[in-house]
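Please look over the sequence and the model shown below before reading on.

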Amino acid sequence: MSIVINTPKAPAAIGPYSQAIEAGGFLYTSGQLGLDPATGLLKEGFDAQCEQVFKNLEAVLTEAELSFSNVIKVTVFLTDLNHFKTVNETMVRLFTKNPPARSCVEVSALPKGGLVEVELVAHRG
């Protein structure tokens, strides 16, 4: 059995998908952009978008009664790998113990003109 996770504290899905699905003790988030959940608009610049992405993911985790300490895998999509250092700096602040596995890839474009998108897998346990 799976459970749909949605919260108004993160941007609404911009397509036919859920913010996250929990199944078998695992939480799979959809990719989050640097959208302000109050306005639906992208934050200005990479640093602000990166910070908002992780705030949005934290809101989804919190709705599922989880935290960054439960995250086991992070996938990062960047439109410019030159921003890799900023992602690392952000993750160091958020994942203070036992950082998760991670993949980071450069893509040609992201929805709504975003500069960064991140999805997570977390485990309840």
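## Basis of the model

This is a predicted model, in which local features need pLDDT of at least 70 and side-chain atom pairs count only at pLDDT 80 or more, while totals for chains, interfaces and linings use all residues. Residues are numbered from 1 along each chain as its sequence is written, and side-chain values use heavy atoms, with hydrogens and water left out.

Helices (H or I, at least four residues) and strands (E, at least two) are DSSP runs numbered from the N terminus. In soluble globular proteins, nonpolar side chains tend to be buried together.

Once neighbours within four places in sequence are left aside, Val118 is in contact (heavy atoms within 4.5 Å) with residues including Val53, Phe54, Leu57, Val74 and Val76.

## The aromatic rings

A search of the whole structure finds three aromatic pairs; rings of Phe, Tyr and Trp (its six-membered ring) pair if their centres lie within 6.5 Å, and planes under 30 degrees apart count as stacked, over 60 as edge-to-face and the rest as tilted. One of the pairs is the tilted one of Phe54 and Phe68, with 6.4 Å from centre to centre and 55 degrees between the planes. It links distant parts of the chain, since Phe54 lies in helix H1 and Phe68 in the loop between H1 and E4, 14 residues apart.

Phe54 is buried at 3% relative accessibility, and Phe68 is buried at 8%, where buried means under 20% relative accessible area, exposed over 50% and partly exposed in between (1.4 Å probe, protein chains only). Phe54, Phe68 and Phe95 form one aromatic cluster.

## The salt bridges

The structure holds four salt bridges, each being a side-chain nitrogen of Lys or Arg within 4 Å of a carboxyl oxygen of Asp or Glu. One of them joins Glu22 and Arg124 (2.8 Å, N to O). Glu22 lies in strand E2 (residues 20-23) and Arg124 in the segment after strand E6 (116-123), so this pair ties together parts that are 102 residues apart in sequence. Glu22 is buried, with a relative accessible area of 11%, whereas Arg124 is partly exposed at 34%.

Another salt bridge joins Glu51 and Lys55 (3.5 Å, N to O), which are four residues apart in helix H1 (residues 46-63) and therefore separated by about one helical turn.
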